[in-house]
Amino acid sequence: MTKVEALIRPQKLDEVKAALTDMGIRGMTVSEVRGAGKQRGFTQHYRGAEYTVNLIQKIKLEVVVADADARKVAQTIATTARTGEIGDGKIFLMPVAEVIRIRTGEEGETALQ
Amino acid sequence: MLGSPRSLVAAGDKADACAPSAPKSWGWSRRAAGLAAPLLLLLIPSTAMAQGDAPKIDSGDTAWLLVSTALVMLMTPGLALFYGGMVRAKNVLNTLMQSFIALSVVTVLWIVCGYSLAFAKGSPILGGLQWLGLRGVGQEPYAFYGATVPHELFMAYQLMFAIITPALISGAIADRMKFGSYLLFVTIWSLVVYTPMAHMVWGEGGFLRDLGALDFAGGTVVHITSGVSALVLAIMLGKRKAGFAEDMRPHSLPMTLIGTGLLWFGWFGFNGGSAIGSNGLAASAFVVTHIAAAVAGGVWVAIEWIAYKRPTALGLATGAVAGLVAITPASGFVGPMAAVAIGAGVAVISFFAIRLKSVLKYDDALDVFGVHGVGGAWGALATGIFASKAINPLGADGLLAGGGFALIGKQLAGIGVAIAVAAVGTVLIGLLVKAVLGLRVTGDEEDAGLDLTQHGESGYAGASTGSESPAVVAGMHG
């Protein structure tokens, strides 16, 4: 099994979620995160005091899928979340050793269904 | 002081008693006509007697002063929100409390001895003791301060000013002062700085009043004293500890804007009510107050737009409050066009004054000195420039009304005394409080936030601050 962890623009979340739902993927974890990459931050003024914000708001989307589906899921996220501008985010794929569904105790891919 | 509108206006009402009271009683009988006949009969003799020499309560004057008193009371919660939004989330309750607690502390001080020391007849510096515990301050008017309103109401109106003034100081010392030390400071400051200043400027026999310095609603007494004391106390406390990665931005500007709205609204009572009457002067003060706030807010935003390429919400809020501060001493003596000049002037002056702190390296956290100290001084000076007897015959003519520099000189005297009393008083009180209780919280307490360490509360359940976990654990087990 593989965990697909995508860092995307907040405004792309709904679109990505819809695309994943279309693929039959319903389970996911979403968090609001801040991070830095190539995208430059922005400057704010509060009564003249300058604050440079370079940790930018992003969404972290985590999905665990069967190994066979991982690349397709990742590509779907990539095409949906892409704007072509710097700051679109990144996707990481990593192996998952085991999955357990807490309610039933099921293990492995059946726990992902 | 001639300027003390408070008695001047009262005297004025008596002087031309016929003109204002005739339409007033006519207005009364017109309204009363709709009421039951016996009530009408009761009203007619009372309005008739109001035209006599003996001080008699006027219902219009009293109604407006009751409302104004409530309006000024609401400014303290408004100030709490104005300041509260500008601090970090971990200090929001502490900041709100520093304003709200003044309602409790100063009210008790005021009725016990503050009002007597400020307003009872005494020396040119301080009032007497004859009104301790509000003895003799009852429903009958006290003609010197307001011949047509209950003395007790005048006392309550003045109380609301006494409450908000020390609360103004709290903005400068935000995020780092022990709550107990703040309380002790406010208690002593109210008695040592505020009451003598109020007496000198407004009290019967006060020396600035007799000198002829004008301060309609508290430019010197409220804003210069609090602004200068804020600066001194902020320097004595030292800077806030800003961690390397700490986000010092205001945590809720919507809260600050709500506070601004309440301050603006309440200020109609602050300045309009200072006419101590429901009359043309009250309307004039009301109108110029609004104009100055509107102009200063707009000009501040315009300056920001040029300087930083962005018109900010905090800039509008700051400008509006600065405008309200600046018009305060002038509000009963100047006309609409002067209000435009005073508002525009304060926006420019305070905009640059708040940048002094980064040059001079003091940490006036929420710019109390830049807005209230400097804005108040500009307002007091501007009164000397723009005051006109055409607006208030009991005032004086300033520079532009052909009065020469005489009034400006008196205004500068008032400003100087306010600065001196506030600065010296604050240094002494600060040293005393430091010796007894200490001024600052510890560095760890500052990191964890004053809400948790001073009050054992959090402003926002589930807020992600470093200090959150103990509260969550306690909640789970409790």
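**Sheet of chain A**

I looked up Leu7(A) and found that its bridge partner in S5(A) is Lys60(A). Strand S1 (residues 2-8) and strand S5 (residues 56-65) of chain A run antiparallel and are joined by seven bridges; two strands pair if DSSP finds at least two bridges between them. Helices (H or I, at least four residues) and strands (E, at least two) are DSSP runs, numbered from the N terminus.

Before going on I noted the ground rules. This is a predicted model, where local features need pLDDT of at least 70 and side-chain atom pairs count only at pLDDT 80 or more, while totals for chains, interfaces and linings use all residues. Residues are numbered from 1 along each chain as its sequence is written, chains are lettered from A and ligands numbered from 1 in the order in which they are written, and side-chain values use heavy atoms, with hydrogens and water left out.

I then traced the open sheet of chain A: four strands in the order S2-S5-S1-S6, with antiparallel pairing. Strand S2 (29-35) and strand S6 (89-95) of chain A are the edge strands, each pairing on one side only. Neighbouring strands are turned by 20° against each other on average, direction ignored. Axes are lines fitted to C-alpha atoms, for helices over the stretch in contact, and angles run from 0 to 180 degrees between N-to-C directions.

Helix H1 (residues 13-22) of chain A packs on this sheet and touches S1, S2 and S5 of chain A; contact means heavy atoms within 4.5 Å. The direction of H1 makes about 10° with that of S5(A).

**Hairpin and interface**

Strand S3 (residues 42-46) of chain A runs antiparallel to strand S4 (residues 49-53) of chain A, with five bridges joining them. Tyr46(A) stands opposite Ala49(A) in S4(A). Two residues lie between the strands of this hairpin, and Arg47(A) takes a positive phi near 50°.

I checked the chain contact next: seven residues of chain A touch 13 residues of chain B. The area buried between the chains (accessible area, 1.4 Å probe, lost on being put together and summed over both) is about 1000 Å², with 59% from carbon and sulfur atoms. His45(A), Tyr46(A) and Arg47(A) lose the most area on the chain A side, together 71% of what that side buries.

**Helix pair in chain B**

Last, I looked at helix H5 (residues 92-119) and helix H6 (residues 151-169) of chain B, whose axes come within 8 Å and cross at roughly 130°.

Definitions and conventions
Buried area is the accessible area (1.4 Å probe) that two parts lose on being put together, summed over both.
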